[in-house]
Amino acid sequence: PASYKDAVAEALRLMENAGYCTPRKKKDCKKLADIEVQYNTNELHKSILLVAQQMWKKIGVAVTPVNKEWKVYLSDKKQGNFVMSRAGWIGDYLDPVAFLGIFTTGNGNNDSNWSNAKFDELLAAAANESDEKKRMANLAAAEKILLAEMPIIPVFSYSTSYLMKPEVGGLYP
């Protein structure tokens, strides 16, 4: 969609075509269950969820943010004790695998427990590929699978600003 307004209209259309109730279609439809989204105590995470809550409300999805202290949040995530959970990841090296790799079957950081054999196969092929173009093509294909199945909802990227004198070199923050 070209704009937020278009995205909302498309979401409403898709929800209604799937038979779900929306703010503009309230009869002869299935009501979507309310969704609890857990997050750890942090004002940024809370703010993002409150904005998302208002966005989902526009298409008839009721979302309740559930704040949990860090240890409880981590325990519930590891046990799969959630419907939806806030998560974050920071790549520690400049490569798509830094993000894609956590979604392979059985990965200890794959709290969604999502699994796709073709995705796993493409990541394994990329790991064994010495031709960089072919490797990146495998990773791009894997990313398409991840985004098509949507076990995650990418919301935003962290950013940090640095002020550095021009004569300083060799620093890659």
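Me: At about what angle to E1 does helix H3 (residues 70–79) run?

Reply: This is a predicted model, in which local features need pLDDT of at least 70, side-chain atom pairs count only at pLDDT 80 or more, and totals for chains, interfaces and linings use all residues. Residues are numbered from 1 along each chain as its sequence is written, and side-chain values use heavy atoms, leaving out hydrogens and water. Helices (H or I, at least four residues) and strands (E, at least two) are DSSP runs numbered from the N terminus, and angles run from 0 to 180 degrees between N-to-C directions of axes fitted to C-alpha atoms, for helices over the stretch in contact (heavy atoms within 4.5 Å). H3 lies across E1, E2 and E3, and its angle to E1 is about 125 degrees.

Me: Which strands stand at the edges of the sheet?

Reply: The open sheet has the order E2-E1-E3 with parallel pairing, where two strands pair if DSSP finds at least two bridges between them. Each edge strand has a single partner, so one side of it is left without a neighbour in the sheet; these strands are E2 (63–68) and E3 (84–85).

Me: Which residue does a disulfide join to Cys-21?

Reply: A disulfide is a pair of cysteine sulfur atoms within 2.5 Å, and the whole structure holds one. With an S to S distance of 2.0 Å, the partner of Cys-21 is Cys-29.
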